[in-house]
Amino acid sequence: MGRRAAWHAALIAASVVLLGPVVLAVLASFKTPSSLFEANPLPVHPTLGNYTAAVARFPLGRLLVNTAVTSAGVMLAQLVVAVPAAYGVVRFSGRAGRLVLAAGSLSVVVPVQAYLVPQFLMVSELGWQNTFAGMIVPQLSGAGIALLLLHQHLRAIPPSLGEAAALDGASSLQTLWYVVLPLLRPTLVAVGILVFITTWNEYLWPLLSAPGLGTVQTGLALFGNTEGANPGPLLAAATLATLPVLAGYVVAARRVTNAFMHAGLH
Amino acid sequence: MKRLLSVAVTACLLATVGACGNSDDSSDGPITLSFLSYNYGTPDVGGEGTQQLIDAFEKSHPDITIAPQGVPVADTLTRVRSRTAAGDPPDVAQIGWSKVAAAYRGLPLTPVQDIPTADEWRSATAGLSQPLLRAVEHEGKVAAMPYTLSTPTLFYNADLFRKAGLDPAKPPATIAEAQRAGLALVRIGASGVYFDIAGASKSDFLTQSVVAANGGSVATPDGRVTFDQPAAVEALTAVQQLTTSGAQPAVAEADAIAAFKAGKLGALVTSTALLAGLEEAANGHFELRTGGMPGFAGKPVRTTFSGAGLVVLAKDDAHKQAAWEFIKFLTSAEGYTIITSKIGYLPLRPDLVKDPRYLGPYFAKDPRIGPALDQLETVRPYTFFDGPQADRAVATLQDDAVAPIVLRGADPASTLAEVAAQVRSMTGR
């Protein structure tokens with residue numbers, strides 16, 4: 001029991017260390033400018049002034065919409081590519097399947113900076129700068145991680161289910177659509193959320209490919225340009241920008257954790 | 001497979017041709033000028049002031065439309081370089097002065113002075129600060145037009161000075177006096193004085209100014225590293241003693257600025273550009289006053305400047321001419337009236353200060369930018385390191401030498417020697 005209590009105490013301490021700065025930042029976003037740097041972390045005279053300033057002086061709504069459209073687009077595009085690829089690798093395993101898996105692994109290992117320049121030149125040549133296509137399509141190169149995760153989960157589905165469907169006259173695509181995808185739904189949600197969060201937090205690619213459109217991450221960086229510290233509205237804007245993705249994560253937290261826990265156990 | 005490949009190649013070729021077609025702007029008729037600015041779009045007075053400048057220019061030049069784009073200050077060069085690599089550079093870009101050397105070296109810019117005729121250049125720049133114009137020259141001409149510039153200023157809380165028994169009419173003129181004032185302020189529970197010298201991105205001009213005030217330099221005009229010489233070591237030792245004596249809090253620049261805004265820090269030596277923001281915070285809470293940068297006893301104060309220049313990357317003559325019209329407006333009497341009164345940067349046309357049509361009424365009401373303006377008379381060139389890694393060298397000096405010395409008690413002589421060796425290996429000088 002003592003050991004269990006010690007373990008819980010350690011976990012609580014780790015949680016405080018991880019979440020403490022976030023909680024302090026959110027609390028500080030309700031402080032007045034004069035009390036912002038007081039030792040007391042609680043907003044003694046709470047104000048929404050920072051939120052009013054952030055919304056009035058900052059195009060938060062437009063940036064949130066841009067980021068949401070991009071993140072949803074990348075999420076859907078990666079799933080549309082990764083699901084049939086993973087299914088193909090499991091269903092028709094062989095040299096081609098191993099090659100696809102190796103390519104997926106390689107795309108995860110190679111740092112994004114390595115192909116940033118060619119991607120940027122391609123987007124420029126296609127005239128896709130400052131378009132959603134330019135933001136979304138090149139990020140398909142990140143579908144490798146989705147492929148690997150889905151592959152692990154697809155391998156756990158008994159082949160007999162597919163064979164039964166085939167005996168009933170279903171084609172491969174029909175088997176995928178009517179038999180495999182419903183079983184894969186929790187994993188699809190988890191992988192989708194992971195891709196969504198990663199894309200939401202992306203900074204370098206939107207900065208290069210679509211600074212005119214702007215996303216919340218590139219927008220928040222503009223607070224660093226202000227002449228003098230402007231921490232109150234920045235904390236308020238950062239809190240508002242985090243809320244949508246936090247809400248998505250809270251809804252799907254268990255599925256995301258399960259997806260990672262089970263990936264690699266089969 | 002072959003068919004798929006040929007479709008892909010054709011699509012790429014068509015896209016390329018399409019892109020080429022788009023870049024061929026007509027020289028007649030309305031022109032759209034792309035303007036990359038790190039002030040545009042910010043949620044503060046800088047963003048509002050820049051929009052006001054653009055609106056005023058478009059109103060007076062209906063044939064030219066400005067297409068502005070905000071960019072995070074730290075990523076300005078990355079953005080300009082990537083757009084240039086893609087064949088679509090911005091026509092005009094606002095580049096921070098610490099990065100201008102890299103722009104001279106790596107970007108296909110047209111020196112601003114080369115665009116107008118010699119007569120037009122003389123007439124357009126006649127009212128600009130001539131010491132400043134000479135200080136920003138590169139290879140004998142103004143390649144980047146001085147735009148939003150500032151010099152180091154002493155901001156102080158006159159109410160805290162009175163409480164501490166200090167005379168608010170006599171702000172500290174030397175670093176030693178600043179130390180005495182700081183200790184008096186600490187005795188009444190305030191946070192003393194703060195030299196904003198150790199910041200990563202915006203403080204290098206203060207390092208240069210403090211070292212220059214002691215007769216030293218960070219680098220020679222040809223880029224040779226000199227910040228490990230005795231004058232520089234002595235200058236940074238003096239600023240370090242502010243901290244070790246307790247007169248200066250050992251905090252990051254953002255915390256010091258916020259503490260000053262909250263009325264807890266007695267004095268702050270930083271960029272003039274912060275004036276508007278500090279005024280806003282002080283209004284109704286405490287009396288904000290200004291002074292020149294404290295120097296060293298018996299030595300003339302020599303400051304350099306911070307801020308940004310405007311570079312022209314337009315590809316055709318029509319856009320270059322439009323870019324010149326835009327730059328001429330931004331640095332005109334009307335332009336600097338907006339820049340100074342709205343954003344807080346220095347009016348680089350000193351005559352505007354007393355002109356009732358321009359900044360006369362503003363200065364009559366608020367003369368607090370005066371001490372910084374006076375420093376323009378003796379302004380020194382901003383010093384660049386040499387080579388393609390000059391930008392990284394500045395960050396190394398600030399992060400690995402100035403911050404550890406000033407805030408964390410590192411030994412000035414050995415730290416500067418060690419970092420100077422690193423920077424020499426980076427720059428080759």
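Predicted model: local features only at pLDDT ≥ 70, side-chain atom pairs only at ≥ 80, totals over all residues.
1. Asp88(B) and Arg83(B) form a salt bridge, with 3.7 Å between the closest N and O atoms. Over all chains the structure holds 15 salt bridges.

2. A further salt bridge in chain B joins Arg424(B) to Asp228(B), where the closest N and O atoms are 3.1 Å apart. Arg424(B) sits in helix 18 (residues 412–427) of chain B and Asp228(B) in the loop between helix 9 (204–213) and helix 10 (230–244) of chain B, so this pair ties together parts that are 196 residues apart in sequence. Arg424(B) is partly exposed at 28% relative accessibility. Asp228(B) is also partly exposed, with a relative accessible area of 21%; the limit for calling a residue buried is under 20%.

3. Glu234(B) and Lys299(B) meet through their side chains in a salt bridge of 3.9 Å, N to O. This pair, too, links distant parts of the chain: Glu234(B) belongs to helix 10 of chain B, while Lys299(B) is in the loop between strand 8 (288–292) and strand 9 (306–312) of chain B, 65 residues apart. Glu234(B) is partly exposed, with a relative accessible area of 47%, and Lys299(B) counts as partly exposed at 36%. Elsewhere, salt bridges with shared partners connect Asp159(B), Arg162(B), Glu287(B) and Arg289(B) into one network.

4. Helix 5 (residues 118–125) of chain B has Trp121(B), Ala124(B) and Thr125(B) as its buried residues. Around the axis they span an arc of only 85°, which means that they lie on the same side of helix 5 of chain B. On the face turned away from the buried side, helix 5 of chain B carries the exposed residues Asp119(B), Arg122(B) and Ser123(B). The cover over the buried residues of helix 5 of chain B includes helix 6 (130–135), strand 4 (145–150) and helix 13 (317–330) of chain B.

5. Strand 1 (residues 31–37) and strand 2 (residues 64–70) of chain B pair in the parallel sense, over seven bridges.

6. For chain A, the unreviewed UniProt entry annotates "transmembrane region" over residues 63–87, 99–116, 128–150, 176–197 and 234–252. Two of these ranges can be set against the model. Residues 176–197 of chain A are 100% helix and 0% strand, with the end C-alpha atoms 26 Å apart. Residues 99–116 of chain A are 67% helix and 0% strand, with 24 Å between the end C-alpha atoms.

7. Gly2(A) lies in helix 1 (residues 2–28) of chain A. At 55% relative accessibility, Gly2(A) counts as exposed. From Gly2(A) to Tyr203(A) the C-alpha to C-alpha distance is 45 Å, and the two are 201 residues apart in sequence.

How values were computed
Residues numbered from 1 in each chain as written. Chains lettered and ligands numbered in written order. Heavy atoms only, no water. Buried < 20%, exposed > 50% of the residue type's maximum accessible area, 1.4 Å probe, protein only. Helix = DSSP H or I, 4+ residues; strand = E, 2+ residues; numbered from the N terminus. Arc of directions from axis to C-beta. Contact = heavy atoms within 4.5 Å. UniProt positions renumbered as here; feature names shortened; annotations may be inferred. Salt bridge = Lys/Arg side-chain N within 4 Å of Asp/Glu carboxyl O. Pairing = 2+ DSSP bridges.
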